[in-house]
Amino acid sequence: RTDVKAQHEITFQLAAPAAEAELSIRNASGQELKRLVARNLKPGANKVSWDGMIESGSPAPEGDYNVVL
């Protein structure tokens, strides 16, 4: 469940280093609300922050979201 007033830390694993990875924040219907780009990633655990804002610049409504790497 997402409280849009907070900063959210998303942790993900990579098998190999990557110059860049895109993460898509999606609602329960699968609609992409925000795309995040992480750069200079190492193998293993990596983190990216999401401020709870969607692409339009508005806060995301409170709810459950999926992250697709």
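**A hairpin and its neighbours**

Guide: Let's start with strand E2 (residues 18-26) and strand E3 (residues 32-41), which pair in the antiparallel sense over eight bridges. Keep in mind that this is a predicted model.

Visitor: OK, and how many residues sit between E2 and E3 in the hairpin?
Guide: Five residues lie between them. Have a look at glycine 30 in that turn: its phi is positive, about 90 degrees.

Visitor: Which residue in E3 stands opposite serine 24?
Guide: That's arginine 35. Isoleucine 25, in turn, stands opposite lysine 34 in E3.

Visitor: Let's stay on lysine 34. Is it buried or exposed?
Guide: Lysine 34 is buried, and it belongs to strand E3.

Visitor: What is the nearest side chain of opposite charge to lysine 34?
Guide: Glutamate 55, at 4.5 Å. Lysine 34 has no salt bridge, because the cut-off for one is 4 Å between a side-chain nitrogen of Lys or Arg and a carboxyl oxygen of Asp or Glu.

Visitor: Which residues does lysine 34 touch?
Guide: Leaving out residues up to four places away in sequence, lysine 34 touches Leu23, Ser24, Ile25, Trp50, Met53, Ile54 and Glu55. So you'll find glutamate 55 on that list of contacts too, with contact meaning heavy atoms within 4.5 Å.

Visitor: Back to the strands. In what order do they sit in the open sheet?
Guide: Three strands form it, in the order E3-E2-E5, and the pairing is antiparallel. E3 and strand E5 (66-68) are the edge strands, each pairing on one side only. From one strand to the next, the twist averages 25 degrees.

Visitor: How many helices and strands does the chain have?
Guide: Zero helices and five strands. Starting at the N terminus, the elements run β-β-β-β-β.

Visitor: Last one: of the contacts between residues at least 6 apart in sequence, what share joins residues at least 24 apart?
Guide: In this chain, 60% of those contacts do.

Methods
Residues are numbered from 1 along each chain as its sequence is written. This is a predicted model: local features need pLDDT of at least 70, side-chain atom pairs count only at pLDDT 80 or more; totals for chains, interfaces and linings use all residues. Side-chain values use heavy atoms; hydrogens and water are left out. Two strands pair if DSSP finds at least two bridges between them. Helices (H or I, at least four residues) and strands (E, at least two) are DSSP runs, numbered from the N terminus. Buried means under 20% relative accessible area, exposed over 50%, partly exposed in between (1.4 Å probe, protein chains only). Lys and Arg count as positive and Asp and Glu as negative; His and the chain ends are not counted. Axes are lines fitted to C-alpha atoms, for helices over the stretch in contact, and angles run from 0 to 180 degrees between N-to-C directions.
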